[in-house]
Amino acid sequence: MRQAEQSACILCSRNCGIVVETDGERRITGVRGNERHPISKGYLCQKAARLAHYQDHADRLDSPLRREPDGSFTRVSWDDALADIAARLVAIRDRHGGKAFAFYGGGGQGNHLGGAYSRQLVKAMKSRFVYSALAQEKTGDFWVNGRLFGDQRCHLTEDVEHADFVLFIGTNPFQAHGIPNARDLLRELKTDPARTMVVIDPRRTETARLADVHLQPRPGTDAFLMAAILGIIVREGLHDAAFLASRCTGFGALEAELRAVPVEDYVRRADVSLADVEQVARGFATARAACVRIDLGLQQSLHSTLNSYLEKLLFLVTGNFGVPGGNTFHSTFLPILGHTDERGERRLMRTAHHGMFPIAGLYPPNILPSEILHDGEDRVRAVVVDSANPVLTGANTAAYERAFGKLELLVVVDVALSETARLAHYVLPASSQFEKWECTGFNLDFPMNAFHLRHPLFPPRAGTLPEPEIYTRLLVAMGELPDTFPVLERIARREPAATRHGVFLGALGAVLAAKPRWRPFAASIAYRTLGRALTADRARPDRVPPAAAAPLLALAFDIAAREPAAVRAAGHRGSNRFTLGVALFHAILERAEGVPITRHDYEATWSFLRTPDRKIHLAIPEMLAALRELASEPAPAAPFVLLAGERRAYNANQIFRDPSWRKVDREGAMRMHPDDARTLGLTDGARATCTSATGSIEVTIEIDDTVRTGMVTLPHGYGMRYQGGAPNGPQINRLTASEHCDPLARTPYHKHVPVTITPR
Ligand code: SF4
């Protein structure tokens, strides 16, 4: 019987609400926007219509697999797989200590509930090495936030909806989204003559075509261009002196550096018009409300961390912060980020080979292969990869293949037999994101923020388990936890629910005080006790209980205590933090369309600032030095610069393995300017070899005048070997190099890879 269920798209961080039509058994038969979703309100892009290709394809796994000495896989039982993995992990930990273990991944674009459980394994292994895709994209940004605002969890968003002047730098929201209901907002900006949209991007992107002004700089010159804009603003006295005096410290030191910027030189280096840059600087600084939206084009290009600093200075120096239409902080529900300031924390675990520190609790995937491959006794020997495919997504695929081949134990938890899984000693099949209770942790909106606990659409595929069950069973097999907790289970089933939850948390606290060894594993204890007593969706009593959501109770209490007025303003009722937390928790469990969690007024953004003096600290010595050093930096020389990882109409992360999901661009063609193609004797559809310092791949040429001469682009999300066949498109990380990265955060420079191109 056909059914329609509420869920969310899992293809990008916007996680738009969807209504999914199913055949009542295992198949998705249709997807439409969900008008009841609190943020997206019915919005969708074309990618969501293809979600059936994720749920149902030939690479889905339905049994744990053990790799044999000859490289083949044998199907094994869950008990046997987990017992052997547990024994090997414990042996490695006891012999070599916590530094021998690393965890990679822990959730894609909408697979975040399992993170509370997988991080427990890191603690059981006495390690802190969590490698994450976020740390090859955003950790420079988080580091800058820590210095400016006092905590790396002070994450920002941008109020494009209410801005008069929007500056998009290194981002193409028409394809990459990242802002609410991107295409609707872009069209509103374009059609309103009172509002201005500026795009800074080396390619004339779909967003740039809608813009009032498009600056098309040489790849890798964003830092020069932003420094020039800031230089013009301070030279012309367009900075917001009152905001800087009342809300910030360090403007004097910063102003001296910005006044010294050789504006004309830097604009020439970026190869754009000085008049256009002046127009942008003046327009941005004098707009009633202006904001900046950036993305990987800036964060994965030369000067990544400096870029993150400069883009924030644009809205801070002009006072476009904490106001409607400006940039703001936002509330946080799921604690995805930590705060790990390398200056202050003595307990930080630095990596053995690079001595790298974590940023926001995360280590950069760029260094993982060499942390495994080096000869030291303290090398990484065991890795668990969860919901990630670093062999294709980390810089230098060949280095990952070598490194993972050397490990004493590689375990992959995934729904599919990925390229990384093919190298694993054990592959553990997870239920898909539509077969379990799940959520997205990317709740980045302000003034209203929302959370979406997604109800399962289907029962788990036979042979698979959801991540909370996998990690809890593994902890039990490792001897870290008992299998049952009879006292807590009894308390969890008490009535009425309103008091039961408070009593349960009190009892859990008492148990953890008596057994401090169990403290790191509170999520699994709550899952096994409170979780089994939870109910949701009274209309569907046949559903598995939302046990995985049990840790959200503590988070609901936490945000009700931190932000009681904002939680009430979002529509939740309770006379104290306990009743308010319970009300929020129940709303999360029951509202399958998603639920507003906080609603702030703009002034409240200042309550998120974490510096001791409640001021923004503008002068960051490392960044001021990097800004100064721009002046003496030689221009990079390469025949071509490859922007690796372009967002297009039919690419997503590695989630779609079946290439038939694409309606166009099946080969993931390399875009090249017609003048360059003519010089090389290449025609549309021709094959060529693209070579970098790291490796070579074959590509198909698409002649395209939206790119500058001297640059080429390739999309991400290709190169998988569906059903073990040939790569379906370019494996771009055969071209990228681990060491070609930001010196501070080690973010790879994927958007600036020197290459040569040879016709075949
Ligand atoms: S914008 Fe992102 S989340 Fe929304 S439908 Fe498109 S891919 Fe999915």
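**Exercise 1.** In this predicted model, find which residues Y104 is in contact with, leaving aside its neighbours within four places in sequence.

*Solution.* Step 1: set aside the neighbours within four places; the contacts of Y104 that remain are Y131, V383, V385, A388 and P390.

**Exercise 2.** Decide whether Y104 is buried or exposed.

*Solution.* Step 1: count the other C-beta atoms within 10 Å of Y104; there are 24. Step 2: a residue is buried if this count is 20 or more. Step 3: Y104 is therefore buried.

**Exercise 3.** Describe how helix 22 and helix 24 pack.

*Solution.* Step 1: locate helix 22 at residues 552-562 and helix 24 at residues 577-590. Step 2: their axes are 8 Å apart, and the angle is about 130°. Step 3: an angle over 145 degrees would count as roughly antiparallel, and 65 to 115 as roughly perpendicular; helix 22 and helix 24 are therefore oblique to each other. Step 4: the crossing of the two helices is right-handed. Step 5: list the residues that meet. Helix 22 brings L552, L553, A556, F557, A560 and A561, and helix 24 brings R577, F578, L580, G581, L584, F585 and I588. Step 6: sort the residues of this contact into eleven nonpolar, one polar and one charged.

**Exercise 4.** Sort the residues of the shell around the ligand.

*Solution.* Step 1: the ligand is surrounded by C9, L11, C12, R14, N15, C16, L44, C45, K47, A48 and H177. Step 2: this shell divides into seven nonpolar, two polar and two charged residues.

How values were computed:
Residues numbered from 1 in each chain as written. Predicted model: local features only at pLDDT ≥ 70, side-chain atom pairs only at ≥ 80, totals over all residues. Near = placed C-beta within 6 Å. Nonpolar A, V, L, I, M, F, W, Y, C, P; charged D, E, K, R; others polar. Axes fitted to C-alpha atoms, helices over the stretch in contact; angles between N-to-C directions. Helix = DSSP H or I, 4+ residues; strand = E, 2+ residues; numbered from the N terminus. Parallel < 35°, antiparallel > 145°, perpendicular 65-115°, else oblique. Left-handed = near helix turned anticlockwise from the far one by under 90°. Contact = placed C-beta atoms within 7 Å. Buried ≥ 20, exposed ≤ 12 C-beta atoms within 10 Å, placed from the backbone.
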